[in-house]
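Welcome! Let's take a walk through this protein together, one piece at a time.

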Amino acid sequence: MSGQKQEGSHRWPRRIALRAGAVFFSLLLCAAFEGVLAVFDVAPPEAADDPFVGFASIRRLFTLSPDGRFWQVSAERRGFFEHDEFEVHKPKNEFRIFAFGGSTVQGNPYSIETSFTRFLEQSLNHAQPSAQWRVVNCGGISYASYRLVPLMQECLQYQPDLMIVCTGHNEFLEDITYSTIRNTGSPIASVYSVLGRFRSYRLIRNLISDSRQQRREQPLSVSESSESTKTVPSAGAKPVLSQEVDALLDHEGGLEAYVRDDVHADLVVRHFGSNLRRMRTICDNAGVPFLLIQPPSNLADSPPFKSTFSEQTTASQQDAIADHLSTAAAEMRTNSDAALRELEQAASLDNRFAFTWYQIGHVRLALGDVVGAKLAFVKARDEDVCPLRMTTALEAAMHQMKDETESHFIDAAAVLSEKSGQSIIGDNVLVDHIHPSFRGHQWIAVAIAEWMEAEGLLIAENSLWGQQVDLVFEQHIQSLDNMYFLKGRRRLQDLMGWAAGRAEGPPIVRQKRSYEGTSAAGAPGRSPL
């Protein structure tokens, strides 16, 4: 009996050793498989790794010119991008920069010729004429951060020397449902986040995704009368976005579609931070320098696009707020203190009615309280139910990513504020709610060039370039024909109408947001404006 016990006691260590060996051997095989996939660059981190959304399809931004000498913005994408091109065979002394973002990068309401990308190229050529500088504009109208990632992936093949990203204003333009992400518990989400780092997991996931794609039904249309608004809802799967931007404000009734939805807003911010990290990772993996730019917002001269009462605000409180606003408007010209008292009473009844804070900002500015005015203007921007300007939460996500990854960073709002001598940005440097003036673009360009010089990417041969470049800019603007400026002014008028919800596109059929345990949207209430 004792012999059997002794024999059994010897078996347990042997069994443990065998099992440990099997686990070790399995891990070794997995590591070897990961190594093989890495060698052959199978399932690399790419645009398909977005944990929040997918795309029905992705088209190339650049195609070959007829003579095969240049990469040009594809004619199929000219509705969102302006024409730009660069040589297929990169010259030996060329420093090639790609700038990604939305209409701010493109130079709207004008175009590339007066965007910071063109002024940057001119600054670099003037500072170091022995080098050949090429700044390629990849600014897409209404393009949010999640649509920039595939562009950056594509541009890796064009031998970039620097990637610049200026984004943040367009994150709320498209109607995206995040119910799958919202209903996934944080521990499970963390597990998927860790698994997503392995090529083997991504390979298996992509194979499954391809199989599902082949079986997927015809995409449903957000608007039955518009082929450009297709999205693919799939139970238990992340939303699949249309090939090109389908902004809510491109549709009839687009402004009405915006309602207060704090849960959705939080998910938009999470998605934004994820996209910034992915773009930084793409550049790190390729060994390409990465520069992040925070775009400016018009605080002083851009009222909220849509103000709504909170769900808890009663009808009598809404009436009282309307009365306070009306009285304040009458007092503002002659008695700023009285106007401020009325507005503060309105804010005490509903702290989230955006227009109240916009008015408070102007009254505080009239009283000389610049700090208080800026805080009020920022609050008005953040409570705007139609957020066409980068919110404080999005700015915080950008700064968190910048700090965690030690990314190079330029705050364009701070640059414009310092250069203009105005602590609160308004129509003095922006032509509308977000787009810089010619001078604003020039200041941003110079700030980038100065950063490049500090980082050793620019070796200035002309020590006076910073003092002389203004003349270069002026000569360039004078060289543009009158039609350029006329078209820009027309686009500005159209843009203002678009932002006010006056688009005449097809009606919207909203996607249902079902966030577990949360109201999908606050009651819009009625506006006294």
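This is a predicted model: local features need pLDDT of at least 70, side-chain atom pairs count only at pLDDT 80 or more; totals for chains, interfaces and linings use all residues.

Strand β11 covers residues 290-294, and it pairs with strand β7, residues 162-166, in the parallel sense over 4 bridges.

Now step back to see where these two strands belong. They are part of an open sheet of 5 strands, arranged in the order β6-β5-β7-β11-β12, with parallel pairing. At the edges stand β6 (132-139) and β12 (408-411); each has a single partner strand, so one side of each is left without a neighbour in the sheet.

Helix α13, made of residues 392-405, lies across β11 and β12 and runs at about 155 degrees to β11. Helix α14 (residues 412-420) also packs on the sheet, where it touches β11 and β12, and its direction makes about 45 degrees with that of β12.

Finally, let's visit a pair of helices. The axes of α4 (residues 145-155) and α8 (residues 262-286) come within 9 Å and cross at roughly 10 degrees. Angles under 35 degrees count as roughly parallel, and α4 and α8 are therefore roughly parallel to each other. The crossing of α4 past α8 is left-handed. On the α4 side, the contact is made by S145, Y146, L148, V149, M152 and Q153, while α8 brings H271, F272, N275, R278, M279, I282 and C283. Sorted by class, this contact has 8 nonpolar, 4 polar and 1 charged residues.

Methods
Residues are numbered from 1 along each chain as its sequence is written. Side-chain values use heavy atoms; hydrogens and water are left out. Axes are lines fitted to C-alpha atoms, for helices over the stretch in contact, and angles run from 0 to 180 degrees between N-to-C directions. Angles under 35 degrees count as roughly parallel, over 145 as roughly antiparallel, 65 to 115 as roughly perpendicular and the rest as oblique. A crossing is left-handed if the near helix is turned anticlockwise from the far one by less than a right angle, and right-handed if clockwise. Contact means heavy atoms within 4.5 Å. Ala, Val, Leu, Ile, Met, Phe, Trp, Tyr, Cys and Pro count as nonpolar, Asp, Glu, Lys and Arg as charged, and the others, Gly among them, as polar. Two strands pair if DSSP finds at least two bridges between them.
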